[in-house]
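Subject: Structure for you to look at

Hello,

Here is the structure I promised to hand over. Please open it first, then read my notes below.

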Amino acid sequence: MPYHQATYDEKTLKEIGSSNTFAVEKVNKPEIPERLRRKNIELPDVAEYDVIRHYVHLSQMNYAVDTGFYPLGSCTMKYNPKFADRIANDQRFTRMHPLTSPEYSQGELHIMYELQEFLKASSGMDAVSLQPLAGAQGEYTAMLIVRKYMGSIGQSNRNEIIVPDSAHGTNPASAAMAGFQTVEIPSKQDGKVDLEALRDAVSENTAAFMITNPSTLGVFESNILEIEKIVHGAGALLYYDGANFNAILGITSPGLMGFDMVHFNLHKTFATPHGGGGPGAGPVAVKDKLREFLPVPVVVKDGKKYSLYYGYKNSIGRVAGFNGSFINILRAWSYMKYKGDDGLTENTRKAVLNANYMAKRLEGILDIPAKGIKKHEVVASSKKTGKRALDIAKYIINSGVHAPTIYFPLIVPEALMIEPTEDASVEDMDLLVKLIREAIEMPQEEIEKLPVNLSIGRADEVRAARIMKLHW
Ligand SMILES: Cc1ncc(COP(=O)(O)O)c(C=O)c1O
C-alpha cells in the first residue's frame, strides 16, 4: 500500500496571527468589572478558519486509531466508537457544572453509580472509586491505600512492594512514589512468575505483590492461586494491575483469583481515549476490608436517590478534583451499556482470538519466547533475524501502519509487542505480518534511512529526550 503522509511547513498560531495582541476590547464587556478587565492578552488574533486549518494540518501530520490499524501492545489503542463521542459531547453533560448539587445531577450520579456497580461485579471486588485519572494514578492510589491499611493494623514496618521483572514501569514507579521500596523478582522463560523467587522475596516487610494477569507477555498466570497463598500467607496484599483486564472480562475475575485490589484502565477495556483529551480514567476497586481507605466521595444510592458519600473515616483523601474525569466515566458507561454483558465477553473472546491469530502467523518469521496459548497480546523478538525491532517499526510506520510497542517488556530482547484488540480485521493483521516480513528482507543500509514517507524523518530519540525543545 503506497503511503505518503501530508507534510506542511506549519507555522505556530502566533506566527499566523496578524498581530500578537488579541483584541482585548472584544472580550472586555461592560458587565465585567473594571478591576477584572485584562489590558493585554498575549494571544494571536486569528480567524476561525486559520485555527481550524492549523489543527487539521497538525492532525494530518499525525496518526490515530481513526487513520488505521494501531497494534500497540500493552498501552492498547482501540477504536473509540463514535456514538460514545456523541454522548460525551451532549450539552446536557458538557454544560453541567461539577459543583451542581446532587438534587440537580441525579442523572450523572446514576451513571457513576452504575459504572461503580459494574466494575465491582465484573472484577469481583466490593467497593470502587472512580476518581483516579489514569492507570498509573490508580496504581498510586492503591499504593497509598496499602500504606494506610498497613499502618491501621500496626504493620507500618511493611515497606516493600514486590514486582515481577515483566511489570509495566508504572508499577514500581507508583510503589516508589508512595514511599515503598520495590523488590524485583525474575520471570521464568514462559513469562510466568518464578514461584521460588517469590517465596524467597516475601517477608514480614512485604506490603503487597503487584501483578498483572495475563502478564505483559500475553500469557495467563496459571499459578495465580499458588501465588495468592504465598502472598497472603506472608500477611501481604495482592494487587491486580487491571490494564490487561480486557483479556479476561466476562470469563474470570481478579476476585476469583484472590486479589485484594484492582485498578482498571478504562481506555483499554471500555474504549475510551487513552488520555481523554487530557487526563484519562483509572478507577480503583477493593475488597471490603480496604473500602474505608478509598478516596472520597463515592456515589451511593438510597432507594431511588443518588448522593455523594464522604464518610470513609480512613480515606486516603482526594486524588483528583471533583469526581475524576466524568467525560471518560460517561464514555465507559455508554460503551458498557451498548455492548452489554454478552457483547463485552464477546470482545474478550475476539481479542484473544486475534492475538492467537497474530502469534500463529508470525511463526517462522519472528521468535515468540513465551510458548502456548496467548491472551490479549503477543510478544515476539526480532533478535535472530538480525534486524532491530526499531528498524522493523520504522518500516511499518513508513508503510502507513502504526508500529507495535517495541523494547517492552524489557526481558525480551528486540521485543515487538503486538495487541490487535478485538477490533482488528484479518486483513489488518495480515498486512502487519506482510510488513514485518518485508522489513526483515530489506537491506540494512536502506531500512536505516526510513521513514521517508512521513511528515518527520528518523528522529534521534536519545537526543530528543536529552536536549528537549518544547516550544518554537
Ligand atoms: C500493564 C500496564 N499497567 C499500567 C499501565 C498504565 O496505565 P496508564 O497509561 O493509563 O497510566 C499500562 C499502560 O497502559 C499498562 O500497559
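At what angle do helix α6 and helix α7 pack, and how far apart are their axes? The angle between α6 (residues 135-152) and α7 (residues 170-177) is about 40°, and their axes are 8 Å apart. Axes are lines fitted to C-alpha atoms, for helices over the stretch in contact, and angles run from 0 to 180 degrees between N-to-C directions. That angle makes α6 oblique to α7. (Under 35 degrees counts as roughly parallel, over 145 as roughly antiparallel, 65 to 115 as roughly perpendicular, and the rest as oblique.)

Before going on, two notes on the source. This is a predicted model: local features need pLDDT of at least 70, side-chain atom pairs count only at pLDDT 80 or more, and totals for chains, interfaces and linings use all residues. Residues are numbered from 1 along each chain as its sequence is written. As for names, helices (H or I, at least four residues) and strands (E, at least two) are DSSP runs, numbered from the N terminus.

**Helix α6 on α7**

The crossing of α6 and α7 is right-handed. (Right-handed means that the near helix is turned clockwise from the far one by less than a right angle; left-handed means anticlockwise.) From α6, the contact uses Gly135, Ala136, Glu139, Tyr140 and Met143. From α7, Thr170, Asn171, Ser174, Ala175 and Met177 take part. Residues are in contact if their C-beta atoms, placed from the backbone, lie within 7 Å. By class, five residues of this contact are nonpolar, four are polar and one is charged. (Ala, Val, Leu, Ile, Met, Phe, Trp, Tyr, Cys and Pro count as nonpolar, Asp, Glu, Lys and Arg as charged, and the others, Gly among them, as polar.)

**The ligand**

Which residues come nearest to the ligand? They are Ser74, Gly135, Ala136, His168 and Ala243, out of 15 residues around the ligand. (A residue is near if its C-beta atom, placed from the backbone, lies within 6 Å.) The shell holds four nonpolar, 10 polar and one charged residues. Gly135 and Ala136 also belong to the contact of α6 with α7.

**The seven-stranded sheet**

This open sheet has mixed pairing and the order β1-β7-β6-β5-β4-β2-β3. (Two strands pair if DSSP finds at least two bridges between them.) Its edge strands are β1 (127-129) and β3 (181-185), and each pairs on one side only. The twist from one strand to the next averages 20°. Inside the sheet, β4 (residues 206-211) and β5 (residues 237-242) pair in the parallel sense over four bridges. Met210 has Tyr239 in β5 as its bridge partner. Helix α5 packs on this sheet and touches β1, β6 (261-264) and β7 (284-286). The direction of α5 makes about 130° with that of β1.

**Helix α5 on α11**

Helix α5 (residues 106-123) also packs with α11, at an angle of about 65° and with the axes 10 Å apart. This crossing is left-handed. Among the residues that meet are Ile111 and Phe118 of α5, and Leu330 and Trp333 of α11. The contact has 10 nonpolar, no polar and two charged residues.

**The three-stranded sheet**

Here the order is β10-β12-β11, with antiparallel pairing in an open sheet. The edges are β10 (378-381) and β11 (405-406). Four bridges link β10 to β12 (residues 415-418). Ser381 stands opposite Ala415 in β12. Helix α11 (residues 326-362) lies across β10 and β12, at about 20° to β10.

**Backbone points to check**

Most residues other than glycine have a negative phi, and most peptide bonds are trans. Look at these exceptions.

- Asn213 and Pro214 are joined by a cis peptide bond, with omega about 0°. Pro214 sits in the loop between β4 and α9 (224-233).
- Val296 to Pro297 is also cis, with omega near 0°. Pro297 is in the loop between β7 and β8 (298-302).
- Tyr407 has a positive phi, near 60°. Its place is the loop between β11 and β12.

Best wishes

Terms used. Two residues are in contact if their C-beta atoms, placed from the backbone, lie within 7 Å.
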